[in-house]
Amino acid sequence: MRPGRTTVVAARTAMGKSTLALAMARNSAFRQGRPAQVASLETSNRAVEQPVLP
């Protein structure tokens with residue numbers, strides 16, 4: 001991953017793409033102390049938010 005670049009994660013259905021993207025964004029945000037954004041076309045917003053929100 002490089003600063004200022006967009007990273008696309010592609011694989012078959014149910015292979016953990018959203019979980020991987022969320023983990024990468026969370027780690028990046030914590031390490032840099034900045035917000036991160038995750039966008040998923042196949043997972044609803046609520047499903048992406050659940051692992052992050054208490």
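Helices (H or I, at least four residues) and strands (E, at least two) are DSSP runs, numbered from the N terminus. The views below show a predicted model, in which local features need pLDDT of at least 70, side-chain atom pairs count only at pLDDT 80 or more, and totals for chains, interfaces and linings use all residues. Residues are numbered from 1 along each chain as its sequence is written, and side-chain values use heavy atoms, with hydrogens and water left out.

View 1. Of its 54 residues, 9% are buried. Here buried means under 20% relative accessible area, exposed means over 50%, and partly exposed lies in between (1.4 Å probe, protein chains only). The protein exposes about 5100 Å², and carbon and sulfur atoms supply 53% of that area. Such areas come from the Shrake-Rupley method with a 1.4 Å probe; for residues, only the protein chains shown count as cover.

**View 2. Helix 1 spans residues 17-32.** Its 16 residues reach 22 Å from the first C-alpha to the last, close to the 22 Å expected at 1.5 Å a residue; the expected span is 1.5 Å times one less than the number of residues. Lys-17, Leu-22, Ala-25 and Ala-29 are buried in this helix. Seen down the axis, the buried residues fall within an arc of 125 degrees, so they line one face of helix 1. The arc is that of the directions from the helix axis to the C-beta atoms. An α-helix has 3.6 residues a turn, so residues three or four places apart point the same way. Turned away from the buried side of helix 1 is a face that carries the exposed residues Thr-19, Phe-30 and Arg-31.

**View 3. Positive phi values occur at Ala-14 and Gly-33.** Ala-14 lies in the segment before helix 1. Although Ala-14 is not a glycine, its phi is positive, about 65 degrees. Ala-14 is exposed, with a relative accessible area of 71%. Gly-33 follows helix 1, and its phi is positive, near 65 degrees.

**View 4. Ala-36 is placed in the loop between helix 1 and helix 2 (45-49).** With a relative accessible area of 44%, Ala-36 is partly exposed. Ala-25 belongs to helix 1 and counts as buried at 13% relative accessibility. Ala-25 and Ala-36 are 11 residues apart along the chain, and their C-alpha atoms are separated by 5.5 Å. For Ala-36 and Met-24, 12 residues apart along the chain, the C-alpha separation is 9.3 Å.
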